[in-house]
Structures are given as C-alpha cells and as structure tokens.
Amino acid sequence: MSCGRTKRGPGREPAVELPRRLSRHLARSGLVRPEDRVLVAVSGGLDSVVLLHLLRFHVSPRPAFLAAATFDHGMRPGSDADARWVAGLCRAWDVPLERGRADPPPRTETEARAARYRFLFAAARRIGATRIATA
C-alpha cells in the first residue's frame, strides 16, 4: 500500500499532472475552446465524472458554458438511482443538467447507444452546445 506517494516510470505521471496535461491537449487540439458551450455526457461512472470534474474545476481556459447530460436507459433495476446521483453531483458542482430516460428501454447495447446519442444531440440543440464531450 502506498501512502501518498506516486509511482513514476515510463508513461506514468502523478495524478496531479492530469489537469495540466488535459489543458495542454485541449489548447493544442482546439477540441474545446474558451468560446465553446460544452455538454458533458455523464453516466455516473468514474471516467465521465472525472471528465466533468476536470472541465468544471481544472482546465484552463474554461469553456464559456458547461452543462452535463445523463441518460437513463432503464435496462437494469436501480438505473434511476444513478441518474439521481448524477443530478445531486451536478447540483453540488453548480453544473446545469439535462436528464433523459429511454421509453421503452432498449433491448440491445446497439439500441441503447443510438438512444443515448439521439438524446445527447437533442440536449445539445436545446442548450445551444457547440461541443459534446464523452469519456
């Protein structure tokens, strides 16, 4: 077990480097510009929550507007709890949230992905987002 120490080696940087690296990448690539209105797809999983956290609190320069979107596929019992958790997180972080739910639930992963992207594009149009960020 490690107590606050970060392993270093080829390809490994301390976790504190991630915000700096992401900011540098976004500036170089132009994927997110200061004038952009960004909608972040947030499932409640680690990757999407970290992406929202980095864009909300750490990247520089920040986008002009940042919102989140969560989509409940309704494919498993308790999936609504994930959507409620994301809503609470967005309230705590002062991030506007677009919520959606599949009705009826998709039968396959392919149908789920198509429904999620239909929702994300519609949500982006509603709020005037110029970018959709997914983890």
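Modeller: In this predicted model, α2 gives the most to the lining of the second largest pocket, with five residues. Local features need pLDDT of at least 70 and side-chain atom pairs count only at pLDDT 80 or more, while totals for chains, interfaces and linings use all residues. Residues are numbered from 1 along each chain as its sequence is written, and side-chain values use heavy atoms, leaving out hydrogens and water.

Biologist: What makes a space a pocket and not a cavity?

Modeller: Both are sets of points on a 1 Å grid over the protein atoms alone. In a cavity a 1.4 Å probe fits but cannot get out, whereas a pocket is an open set with protein on both sides within 12 Å along at least five of seven lines. Lining residues have an atom within 4 Å of a point. By that rule, 15 residues line the second largest pocket, and Leu-26, Val-32, Leu-51, Leu-55 and Ala-133 lie nearest its centre.

Biologist: How many residues of each class line the second largest pocket?

Modeller: Its lining has twelve nonpolar, one polar and two charged residues. Ala, Val, Leu, Ile, Met, Phe, Trp, Tyr, Cys and Pro count as nonpolar, Asp, Glu, Lys and Arg as charged, and the others, Gly among them, as polar. The largest pocket has twelve nonpolar, eight polar and six charged residues in its lining. Its largest share of lining, six residues, comes from α4.

Biologist: Why is Asp-94 called exposed?

Modeller: The relative accessible area of Asp-94 is 61%. Buried means under 20%, exposed over 50% and partly exposed in between (1.4 Å probe, protein chains only). Asp-94 is therefore exposed. Asp-94 lies in the loop between α3 and β3, and has a positive phi of about 55 degrees although it is not a glycine.

Biologist: What makes a set of residues a nonpolar core?

Modeller: The set consists of buried Ala, Val, Leu, Ile, Met, Phe, Trp, Tyr and Cys residues joined through side-chain atoms within 4.5 Å. The largest nonpolar core has 20 residues, and those with the most contacts inside it are Val-38, Val-40, Val-42, Leu-52 and Leu-55. The largest share of this core, five residues, comes from α2.

Biologist: Which residues does Val-38 touch, not counting those up to four places away in sequence?

Modeller: Contact means heavy atoms within 4.5 Å. Val-38 touches several residues, including Val-32, Leu-55, Phe-65 and Ala-133.

Technical notes:
Helix = DSSP H or I, 4+ residues; strand = E, 2+ residues; numbered from the N terminus.
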